[in-house]
Structure formats: C-alpha cells, structure tokens
Amino acid sequence: MTTKSKLTIENIEGTTTKRALFNNKCVGNLIMDVDGFYYFEQSESIRAYWSAYALRQLATKLNELNKGWSKGLSNTSAI
C-alpha cells in the first residue's frame, strides 16, 4: 500500500462486519468479535507490504469504531 492509498469502509448489509478497501480494492474486513470490539482481518488473498500510513488509517478507524464501546466499559464499576 502506498502513502497515497485511501481507506474506504463499506457496511456489509445485515451484519456488523465492515469491508475495508484501499483504492477500491478489498483488503479485509473489520469484524465485531464476541467481546463487542472490532478487529481487522486481512483477506487471505492479499499479499502485500503495509506502510505505516495504511496501518495508521486502519488503526484510526478501529479506534473510532471501538471508542464508544471502550468508553462504556470504563464507566462500569466492578461488582
């Protein structure tokens, strides 16, 4: 992925999974796990070197998606 690669996220209808695309090419999915947090799963067919720029875009998107859930967990008190 080059530094000019632009991340686009598409919702997959009827699921909590989101498709991650760089320059309109699907590179993987952002999948909500049983813990409620989203994780990136790279497509098995993708063999690429990832730039810090591309990884930062993915990390930023994951942080955005997980922010509300993370914040909600930190506001709960232990029983």
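**Loop, lysine and core**

A: Asparagine 24 counts as exposed, at 71% relative accessibility (exposed is over 50% relative accessible area, buried under 20%, partly exposed in between; 1.4 Å probe, protein chains only). This is a predicted model: local features need pLDDT of at least 70, side-chain atom pairs count only at pLDDT 80 or more, and totals for chains, interfaces and linings use all residues. Residues are numbered from 1 along each chain as its sequence is written, and side-chain values use heavy atoms, leaving out hydrogens and water.

Q: Where is asparagine 24 found?
A: Asparagine 24 is in the loop between strand 2 and strand 3 (strands are DSSP E runs of at least two residues, helices H or I runs of at least four, numbered from the N terminus). Its phi is positive, near 65 degrees.

Q: And what is the phi of asparagine 23?
A: About 50 degrees, also positive in a non-glycine. Most residues other than glycine have a negative phi. Asparagine 23 is partly exposed at 49% relative accessibility.

Q: Switching to lysine 18: buried or exposed?
A: Lysine 18 is buried and has no salt bridge (a Lys or Arg side-chain nitrogen within 4 Å of an Asp or Glu carboxyl oxygen). Glutamate 64, the nearest side chain of opposite charge, is 10 Å away; Lys and Arg count as positive, Asp and Glu as negative, with His and the chain ends not counted.

Q: Which residues make up the largest nonpolar core?
A: There are 10, including Leu7, Phe22, Tyr38 and Leu58 (buried Ala, Val, Leu, Ile, Met, Phe, Trp, Tyr and Cys joined through side-chain atoms within 4.5 Å). Helix 1 gives the most, three residues.
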